[in-house]
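The exercises below are to be worked through with the sequence and the 3D view at hand. Each task is followed by a solution in steps.

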Amino acid sequence: PMARGDEVERLREQLDVERAQRVDAELQLQLVSAQHRAQLGIPESGRDYGDVATALQDQFVQYYTGMQAAQEDLSDTMGSIRKLLKQRDEQREALEVAQAWQEAASAELAEVTASVAM
């Protein structure tokens with residue numbers, strides 16, 4: 001009989017430990033939930049999903065707006081790069097023309113110099 005009483009006492013203690021662990025886990029869950037609500041800007045009393053949905057929608061709108069701005073910046077940058085490449089090509093073409101004119105002028109000068117020297 002005594003062993004049975006010890007077993008019952010041991011089981012009660014084990015049950016108390018398990019209850020304490022469950023309560024601790026529930027408190028941890030409540031803490032994490034409160035932290036997430038705080039991160040989303042949801043007031044403590046706002047436990048319904050409408051507040052959560054609104055906060056998530058606001059975050060999405062901010063993200064999407066940021067992405068649109070980044071896309072516009074990228075588009076502007078690409079336009080600037082295209083403009084610079086076009087200018088570079090025009091300058092290269094103008095340089096080639098100038099070099100051709102210089103070569104022609106040098107050849108003509110050489111002819112004139114040769115005819116004067118005769």
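**Exercise 1.** Is Arg19 buried, partly exposed or exposed?

*Solution.* The model used here is a predicted one.

Step 1. Take the relative accessible area of Arg19, which is 43%.

Step 2. Compare this with the cut-offs: buried means under 20%, exposed means over 50%, and partly exposed lies in between.

Step 3. Arg19 is therefore partly exposed, given its relative accessible area of 43%.

**Exercise 2.** Find the salt-bridge partner of Arg19 and describe where the two residues sit.

*Solution.* 

Step 1. Side chains of opposite charge can pair when their charged atoms come close.

Step 2. The side chain of Arg19 meets that of Asp16 in a salt bridge, with an N to O distance of 3.9 Å. The cut-off for a salt bridge is within 4 Å.

Step 3. Both Asp16 and Arg19 belong to helix α1, which covers residues 2-40. They are 3 residues apart, or about one turn of the helix.

Step 4. Asp16 has a relative accessibility of 45%, so Asp16 counts as partly exposed.

**Exercise 3.** Which residue does the side chain of Arg10 contact?

*Solution.* 

Step 1. Locate Arg10 in helix α1.

Step 2. The side chain of Arg10 makes a polar contact with the side chain of Glu7, at 2.8 Å.

Step 3. With 43% relative accessibility, Arg10 counts as partly exposed.

**Exercise 4.** Show how Arg88, Asp89 and Arg92 are linked.

*Solution.* 

Step 1. Start with Arg88 and Asp89: they form a salt bridge, and their closest N and O atoms are 3.1 Å apart.

Step 2. Go on to Asp89 and Arg92, whose side chains meet in a salt bridge at 4.0 Å, N to O.

Step 3. Asp89 takes part in both of these salt bridges.

Step 4. Check the spacing of the second pair. Asp89 and Arg92 are 3 residues apart in helix α2, so about one helical turn separates them.

Step 5. Check the accessibility of each member. Arg88 is partly exposed at 40%, Asp89 is partly exposed at 37%, and Arg92 counts as partly exposed at 44%.

Step 6. For the whole structure, the count comes to 5 salt bridges.

**Exercise 5.** How are the rings of Phe60 and Tyr64 arranged?

*Solution.* 

Step 1. The structure holds 1 aromatic pair. The ring centres of Phe60 and Tyr64 lie 6.1 Å apart, and their planes stand at 20°.

Step 2. Planes under 30 degrees apart count as stacked. The pair of Phe60 and Tyr64 is therefore stacked.

Step 3. Phe60 and Tyr64 are 4 residues apart in helix α2, so about one helical turn lies between them.

Step 4. Phe60 counts as partly exposed at 49% relative accessibility, and Tyr64 is partly exposed with a relative accessible area of 45%.

**Exercise 6.** Which residues form a nonpolar patch on the surface?

*Solution.* 

Step 1. The patch consists of Phe60, Val61, Tyr63, Tyr64 and Met67. Together they have about 540 Å² of accessible area.

Step 2. Met67 has a relative accessible area of 44% and is partly exposed.

**Exercise 7.** Summarise the protein chain as a whole.

*Solution.* 

Step 1. The secondary structure comes to 2 helices and 0 strands.

Step 2. Of the 118 residues in the chain, 3% are buried.

Step 3. The chain exposes about 10600 Å², and carbon and sulfur atoms supply 58% of that area.

Methods
Residues are numbered from 1 along each chain as its sequence is written. This is a predicted model: local features need pLDDT of at least 70, side-chain atom pairs count only at pLDDT 80 or more; totals for chains, interfaces and linings use all residues. Side-chain values use heavy atoms; hydrogens and water are left out. Patches are made of residues with over 30% relative accessible area and no salt bridge: like charges are joined within 9 Å, nonpolar side chains (Val, Leu, Ile, Met, Phe, Trp, Tyr) within 5 Å. Accessible areas come from the Shrake-Rupley method with a 1.4 Å probe; for residues, only the protein chains shown count as cover. Buried means under 20% relative accessible area, exposed over 50%, partly exposed in between (1.4 Å probe, protein chains only). Rings of Phe, Tyr and Trp (its six-membered ring) pair if their centres lie within 6.5 Å; planes under 30 degrees apart count as stacked, over 60 as edge-to-face and the rest as tilted. A polar contact is a pair of N or O atoms within 3.5 Å; within protein, one must be able to donate a hydrogen and the other to accept it, and residues adjacent in sequence count only if both atoms are side-chain atoms.
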